[in-house]
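Student: I would like to learn how to read charged pairs in a model. Could you walk me through it?
Tutor: Gladly, let us look at it together.

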Amino acid sequence: MSATCILSRLVIPTRRFFSSDRHLNPSATLLASARLVPRVSGFSGLRVSMFAASKLSTMGDAVADSAMDAVQKRLMFEDECILVDEQDRVIGHDSKYNCHLMEKIEAENLLHRAFSVFLFNSKYELLLQQRSATKVTFPLVWTNTCCSHPLYRKSELIEENYLGVRNAAQRKLLDELGIPSEELPVDQFVLLGRMLYKAPSDGKWGEHEVDYLLFIVRDVTVNPNPDEVADVKYVNRDQLKELLRKADTGEDGVKLSPWFRLVVDNFLLKWWTHLEQGTLEEVADMKTIHKL
């Protein structure tokens, strides 16, 4: 069947809503299971695979992104982010690609769930990473230990005790930094708060997230994935302040991710003090969503 014929028969929405079967298969990745497409223009319940949807998406510019790194392109279409409202209630899911297009963020107010991990060693030094040059959003910026998204899969949708977010953090710390999962028990992550922010990366890409902020203290094995991470380093408070100074002045081309800067400016140093004093639980506030 020709591509023209296929396109004449299918209406591919850019946004996905709840399907009874899609998110119950946590192993669905490269050839993800078919999903239920909502009723559009009189069509009801058309089922199309993720592969077909990525090929025939109404966003023609997705196909035109030939310069995008192959690994990052695959993740942009395979990964399904969790769509939420401003109260962090799950309302559906959509591709990582769509969730990071500023055009769609502005037009549809697409908001997705994210997390930011701050990992400290036993000397209370914070592990930072520099994002790889091939990252679609915010390449080569310095940021906290790991920043990513829970995916629309059963293991990462668990709300009880924020287990879905904890599972996602453990997964991405392995994917990005090569930290073995056994070195990061999910019950050791301390959930401190949530913030809602929007930040453009360039003219095309950006972020609009409800970001969960997690602390963990562990001495870990680090083996960065070059597709995700350009560099890593542990910093103490003074070294972090020097990094901030360089970012503010543009020295050495240092740039920081916007979410990291928001956490630094609003929470990090106070939380760091409580961490060293063993009173971190006193500042945890998971009821408030800070709009920054």
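Student: How many salt bridges does the structure hold?
Tutor: The structure holds 19 salt bridges. Side chains of opposite charge can pair when their charged atoms come close. The cut-off here is a side-chain nitrogen of Lys or Arg within 4 Å of a carboxyl oxygen of Asp or Glu.

Student: What should I know about the model before going on?
Tutor: This is a predicted model, where local features need pLDDT of at least 70, side-chain atom pairs count only at pLDDT 80 or more, and totals for chains, interfaces and linings use all residues. Residues are numbered from 1 along each chain as its sequence is written, and side-chain values use heavy atoms, with hydrogens and water left out.

Student: Which residue forms a salt bridge with Asp 88?
Tutor: That partner is Arg 113, with the closest N and O atoms 3.0 Å apart. Arg 113 sits in strand S5, while Asp 88 is in the loop between strand S3 (80–84) and strand S4 (90–95), so this pair links distant parts of the chain, 25 residues apart. Strands are DSSP runs of E with at least two residues, numbered from the N terminus.

Student: Are Arg 113 and Asp 88 buried or exposed?
Tutor: Both are buried. Buried means under 20% relative accessible area, exposed means over 50%, and partly exposed is in between, using a 1.4 Å probe and protein chains only. Arg 113 and Asp 88 also belong to a network of salt bridges with Glu 159 and Arg 194.

Student: Where is Glu 125?
Tutor: Look in the loop between strand S5 (112–120) and strand S6 (126–131). Glu 125 counts as buried because its relative accessibility is 19%. Its side chain forms a salt bridge with that of Lys 123 (3.8 Å, N to O), and Lys 123 counts as exposed at 62%.

Student: What else does Glu 125 touch?
Tutor: Leaving aside residues up to four places away in sequence, Glu 125 touches Leu 119, Phe 120, Tyr 234 and Val 235; contact means heavy atoms within 4.5 Å.

Student: Which residue forms a salt bridge with Glu 228?
Tutor: Lys 135 does, and the closest N and O atoms are 2.6 Å apart. Glu 228 lies in the loop between strand S10 (206–217) and strand S11 (229–235), and Lys 135 in the loop between S6 and strand S7 (142–143), so the pair ties together parts 93 residues apart in sequence. Glu 228 is buried at 4% relative accessibility, and Lys 135 is buried at 9%.

Terms used
Helix = DSSP H or I, 4+ residues; strand = E, 2+ residues; numbered from the N terminus.
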